[in-house]
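Keep the structure open while reading.

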Amino acid sequence: MLNFVLFGPPGAGKGTQSEKLIERYQLNHISTGDIFRAHISNQTPLGKQVSALIADGQLVPDAITIAMLEDEVDKNPGAKGFIFDGFPRTVAQAAALDEFLESKGSSITAVIALDVDQEELTKRIAERQKLTGRVDDQADKLQKRIEEYFSKTIHVLPYYEAQQKLSKVNGIGKIDDIFAELCSVVDQYQS
């Protein structure tokens with residue numbers, strides 16, 4: 001089973017590239033953001049709780065995120081593998097994901113980090129906000145999310161680097177060029 005973490009700050013292109021990777025490699029996509037948005041739009045009790053946190057620019061607590069993620073994996077027992085997008089965001093989450101996958105007889109195959117600078121991120125998200133109107137893309141909340149990424153989330157990379165599972169890809173350029181680089185990483189793990 002191929003399990004990849006697609007890593008990068010808000011606006012790095014994780015969603016765009018995940019779609020292309022899913023199509024090419026028939027992997028299941030697990031985006032914590034998409035899961036949160038589904039719960040929010042369905043007004044589930046969890047969705048209401050998550051909505052308040054996200055609207056304030058905060059991260060959802062690990063216990064909630066991990067439980068939702070495990071549920072998504074369990075819904076897809078015949079999957080060839082997964083792309084985890086937006087998770088893990090902390091070393092504790094990375095360790096919990098490792099433990100969960102190990103209990104399923106699996107593991108993270110590789111972590112692919114999309115490198116994008118803050119100036120480019122701000123430009124991309126401003127564009128996305130115009131198109132989608134996502135609450136978490138508003139300037140004040142976006143700044144919180146980017147700061148959260150660079151102060152906390154980035155520390156997950158050394159965790160995977162120590163496991164020799166980290167690859168970095170330049171996330172600036174043409175979508176298809178970035179995709180080709182991502183495929184060259186994924187293809188190393190195809191049997």
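Helix α1 passes helix α9 in a right-handed crossing. The model is predicted. In it, the axes of α1 (residues 14-25) and α9 (residues 175-187) come within 10 Å and cross at roughly 50°. An angle between 35 and 65 degrees counts as oblique, so α1 and α9 are oblique to each other.

**The α1 and α9 contact**
- From α1, the contact takes in Thr 16, Gln 17, Lys 20, Leu 21, Arg 24 and Tyr 25.
- From α9, it takes in Ile 175, Asp 176, Ile 178, Phe 179, Leu 182, Cys 183, Val 186 and Asp 187.
- By class, this contact has 8 nonpolar, 2 polar and 4 charged residues.

**Helix α4 against α5**
- Helix α4 spans residues 62-74, and helix α5 spans residues 91-103.
- They pack at an angle of about 30°, with their axes 11 Å apart.
- Angles under 35 degrees count as roughly parallel, so α4 is roughly parallel to α5.
- The crossing of α4 and α5 is right-handed.
- On the α4 side, the residues are Asp 62, Thr 65, Ile 66, Leu 69, Glu 70, Val 73 and Asp 74.
- They meet Ala 92, Gln 93, Ala 96, Leu 97 and Phe 100 in α5.
- The contact of α4 with α5 divides into 7 nonpolar, 2 polar and 3 charged residues.

**Helix α2 against α4**
- The axes of helix α2 (residues 32-41) and α4 come within 11 Å.
- They cross at roughly 95°, which makes α2 roughly perpendicular to α4.
- Thr 32, Ile 35, Phe 36 and His 39 of α2 make the contact with Thr 65, Met 68, Leu 69 and Glu 72 of α4.
- This contact of α2 with α4 has 4 nonpolar, 3 polar and 1 charged residues.
- Thr 65 and Leu 69 of α4 take part in the contact with α2, and they also take part in the contact with α5.

**The cavity**
- A search of the whole structure finds 1 cavity of 30 Å³ or more.
- The largest cavity has a volume of about 50 Å³.
- Its lining consists of Phe 4, Val 5, Leu 6, Leu 21, Leu 27, Ile 83, Ile 112 and Val 186.
- Strand β1 (residues 2-7) gives the largest share of that lining, with 3 residues.
- By class, the lining has 8 nonpolar residues, no polar residues and no charged residues.
- Leu 21 and Val 186 line the largest cavity, and they also belong to the contact of α1 with α9.

**Leu 166**
- Leu 166 is found in strand β5 (residues 166-170).
- Leu 166 and Val 111 lie 55 residues apart in sequence.
- In space, their C-alpha atoms are 4.8 Å apart.
- Not counting residues up to four places away in sequence, Leu 166 touches Val 111, Ala 113, Leu 157, Tyr 160 and Glu 161.

Methods. Residues numbered from 1 in each chain as written. Predicted model: local features only at pLDDT ≥ 70, side-chain atom pairs only at ≥ 80, totals over all residues. Heavy atoms only, no water. 1 Å grid on protein atoms, 1.4 Å probe; cavity = no way out; pocket = protein on both sides within 12 Å on 5 of 7 lines; lining within 4 Å. Points joined across faces, edges and corners; volume = space filled by probe spheres on them. Helix = DSSP H or I, 4+ residues; strand = E, 2+ residues; numbered from the N terminus. Nonpolar A, V, L, I, M, F, W, Y, C, P; charged D, E, K, R; others polar. Axes fitted to C-alpha atoms, helices over the stretch in contact; angles between N-to-C directions. Parallel < 35°, antiparallel > 145°, perpendicular 65-115°, else oblique. Left-handed = near helix turned anticlockwise from the far one by under 90°. Contact = heavy atoms within 4.5 Å.
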